[in-house]
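Please keep the sequence and the model in view while reading.

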Amino acid sequence: MTVVMDPASSADRAPRRHRLDRVGLPPALAWGYLGVLIFMIGDGVESGYLSPYLLDEGLTKQQVALLFSVYGATASIAAWCSGALCDLWGPRRVMTLGLGIWVAFQTALLLLALPTTDFSLLLVSYGLRGLGYPLFAYGFLIWVTAVTPRRRLGSAVGWFWFAFTGGLPTLGSLVASFAVPRIGAYSTLWLALGLVAAGGALALLLVREPTGRRRLAPAGERPLATLVGSLAIIWRRPRIGAGAVVRAINTAPQFGFLVFLPVFFTETLGFTLSEWLRLLSAMFATNIFFNLVFGVVGDRIGWQRTVAWCGGVGCAVTTLLLHYGTVAAGDNFPLAVVLVSLFGATLAGYVPLSALMPSLAPDHKGQAMSALNLGAGASTFLGPALVGLLLGPLGVEVLMWVFAALYLTSAFLTAFLRLPPPEETDGETGTTACVAPGAAAVRDA
């Protein structure tokens, strides 16, 4: 893809002193951020209780882990394709496709799979629903990166992750903590469907920014070449490949936690399900605040440094604190709130990756974002897969050490994520990629 960073993009043509512009949120995309928040609230409703609910319905732990792994695999595919499809169709059409898939397969899950607890139907309906949220959410993220100048990109993507994690699982789990005791687990999943539909409609109907309505790739670029290029860039440009691995590590433990921590906290530590859901909400309430903080910090001290120290090293430490602190204290709710909040804060240290990756390949931003999204999607598979493989034979303690080691590995890999100069010649085409004024101010040393 040869879309360039255009300082005169439509998001930047908003009045310079607009109150949203002053806090780093592109005014032209404001309704989209709100739509993503509501969509992800609906998507996140199930995150804190679906695992124990399925166990209560008669599934085994291995079946639940497999179900989550299949969901993660389809999410990985959709995340990878999202950038290339935005190149070909434009972000708005990709978001529409994601919304349609989510609604269709959630309806099939509720009407056919859950009432019969047929495992093959669960695999098909829940697994294919995994295609939906990456196309919708990451399609909007690519829209953000396509229209935001580099000097403010860290703050803009910080707002995206504020909306994303504000829904999944923060407010989603909070909604579930009140809805499940009142209307039941099954009816709460219908509530989730309504929230997703409302959020999707809000974003698609009210965002009028024109860039997202057209293809981002040059006219005449072939679809197959675009899809292949979005994968080939991982080894063609090793820095992009390293960034994709860092992104996969970023949230792999998070998705693994959603498989086994509900059972660990309720059955081993003695918390109630409602207490666990509130702990999960506390974890990501802290996370959404620090998504904004680390977006700004990354713009100030460097995206690479922020990811390495606040994200990688920070998460390694807080993962171990989360385990040993809760085991030592038992069902001490105030201490558990502190420990889960520390993990949520450091998890936000990875936010600048969404600004760093497209800036590593300014001549192929869409392909770079596809690689980033592939890593994000892979994390939804990697985390549950590690739980399925290691939890039974090794136990929770060793699994936590594995996750901590992965975080330290990601910190090491950030050493390869050096930004190119403000103007870099495209070695493949011989053209010069343009970036926004002031871009040098956010380069990592």
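Leaving aside its neighbours within four places in sequence, with which residues is A185 in contact? A185 is in contact with Y49, Y53 and V180, where contact means heavy atoms within 4.5 Å. The model is a predicted one, in which local features need pLDDT of at least 70 and side-chain atom pairs count only at pLDDT 80 or more, while totals for chains, interfaces and linings use all residues. Residues are numbered from 1 along each chain as its sequence is written, and side-chain values use heavy atoms, with hydrogens and water left out.

**The chain as a whole**

- The protein chain holds 16 helices and 2 strands, which are DSSP runs numbered from the N terminus (helices H or I, at least four residues; strands E, at least two).
- Of its 445 residues, 61% count as buried, a term that means under 20% relative accessible area, with exposed meaning over 50% and partly exposed in between (1.4 Å probe, protein chains only).
- Among the contacts in the protein chain with a separation of 6 or more, 85% come from residues 24 or more positions apart.

**Helix α9 and A185**

- A185 is found in helix α9 and is buried, with a relative accessible area of 15%.
- Although A185 and E46 are 139 residues apart in sequence, their C-alpha atoms are 8.7 Å apart in space.
- The 22 residues of helix α9 (residues 185–206) should span 32 Å at 1.5 Å a residue, and the end C-alpha atoms are 32 Å apart, which agrees; the expected span is 1.5 Å times one less than the number of residues.
- The buried residues of α9, including T188, L189 and A192, pack against α2 (30–44), α3 (50–56), α5 (91–116), α7 (132–147) and α8 (153–183).

- For α7, 16 residues at 1.5 Å a residue should span 22 Å, and the end C-alpha atoms lie 23 Å apart, which agrees.
- α7 and helix α16 (residues 365–413) pack at an angle of about 145° with their axes 11 Å apart, the axes being lines fitted to C-alpha atoms, for helices over the stretch in contact, and the angles running from 0 to 180 degrees between N-to-C directions.
- This contact is made by Y133, Y138, L141, I142, T145 and A146 of α7 together with K365, M369, N373, A376 and T380 of α16.

**Aromatic rings**

- A search of the whole structure finds 29 aromatic pairs, counted where rings of Phe, Tyr and Trp (its six-membered ring) have centres within 6.5 Å, with planes under 30 degrees apart called stacked, over 60 edge-to-face and the rest tilted.
- The rings of F290 and F294 have their centres 5.7 Å apart and their planes at 35°, so the pair is tilted.
- F290 and F294 are separated by about one helical turn, because they are 4 residues apart in helix α12 (residues 273–301).
- F290 is partly exposed, with a relative accessible area of 25%, whereas F294 is buried, with 11%.
- One aromatic cluster is formed by Y33, F68, Y71, Y126, Y133, Y138, F140, W143, F160, W161 and F164.

**A residue in a loop**

- T117 has a positive phi of about 45° although it is not a glycine, and T117 is found in the loop between α5 and α6 (119–129).
- T117 is partly exposed, with a relative accessible area of 31%.
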